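Here is a page from my notebook, written while I had the coordinates open. I hope it is handy beside your own viewer.

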Amino acid sequence: MVRRPVAWIVALVLFAEGCGIAALQWIMGMVVDNQDMSLAGLDPDVMSLSSKIGGVVFGLFFVLCGVVALLVGVRDRAPAGLGRVLLISAAVVHGVLGAVGWGLVGRGAFLFMMVVMGLLVLLLMTYDGRRPASEEAGDGPDGTGDAPKGGSPVTDAPVSPPPAPTTP
């Protein structure tokens, strides 16, 4: 199936991207510090420090999203709760950065951001609505084939029959 390889690829890309963003922002902070120039009267030391802190925080965000994707790949289960929110927010961030990248950097940055966003959306959509592996083995939630404690067995049958076709 496609689910696990996509989760592994997303994890790898997000780890690399997190380290790359942190390194790029750190280098930009060093450049600002070495130039000792101010922008509209701002203190260069504050600009340098804020660039470094922002790069580390943004890099850690991508690494945390990569950890969530790695856990999804290892467990072969859909992300839930905070993990799902992190992956959705990473997809939104990539969409916004892709739009900004098109105007400021060019088509290559846009294409990269859209590929990563597509991988994130694919990861989220392939696990959407999937039952846990224990429920796939049998009828019951524990995989033994027993009915749940509510009484009736778990089935995939529709609640009502499909409508009968009508012809004039």
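The entries below follow the order in which I looked things up.

**Ground rules.** I am working from a predicted model, where local features need pLDDT of at least 70, side-chain atom pairs count only at pLDDT 80 or more, and totals for chains, interfaces and linings use all residues. Residues are numbered from 1 along each chain as its sequence is written, and side-chain values use heavy atoms, with hydrogens and water left out.

**Helix 4.** I began with helix 4, residues 107–126; helices here are DSSP runs of H or I with at least four residues, numbered from the N terminus. Its 20 residues reach 28 Å from first C-alpha to last, close to the 28 Å expected at 1.5 Å a residue (the expected span is 1.5 Å times one less than the number of residues). Next I looked up burial, where buried means under 20% relative accessible area, exposed over 50% and partly exposed in between, with a 1.4 Å probe and protein chains only. Met 113, Val 116, Leu 119, Leu 120, Leu 123 and Leu 124 of helix 4 come out as buried. They lie on the same side of helix 4 because they cover an arc of only 135 degrees around the axis, taken from the directions from the helix axis to the C-beta atoms. On the other side, I found Arg 107, Gly 108, Leu 111 and Met 125 exposed. What do the buried residues of helix 4 pack against? They pack against helix 1 (3–35), helix 2 (44–75) and helix 3 (82–104), with contact meaning heavy atoms within 4.5 Å.

**Ser 51.** I then moved to helix 2, which holds Ser 51. This serine counts as buried because its relative accessibility is 14%. Leaving aside neighbours within four places in sequence, I see Ser 51 in contact with Gln 25, Met 28 and Gly 29.

**Aromatic rings.** My search of the whole structure gave four aromatic pairs. Rings of Phe, Tyr and Trp (its six-membered ring) pair if their centres lie within 6.5 Å; planes under 30 degrees apart are stacked, over 60 edge-to-face and the rest tilted. One of the pairs is Phe 61 with Phe 62, tilted at 5.5 Å centre to centre and 45 degrees between the planes. Phe 62 is buried, because its relative accessibility is 0%. Trp 102 and Phe 110 also pair, edge-to-face, at 5.0 Å and 80 degrees. I noted Trp 102 as partly exposed at 45% relative accessibility, and Phe 110 as partly exposed at 28%. Ring pairs also link Phe 58, Phe 61 and Phe 62 into a cluster.

Technical notes
Helices (H or I, at least four residues) and strands (E, at least two) are DSSP runs, numbered from the N terminus.
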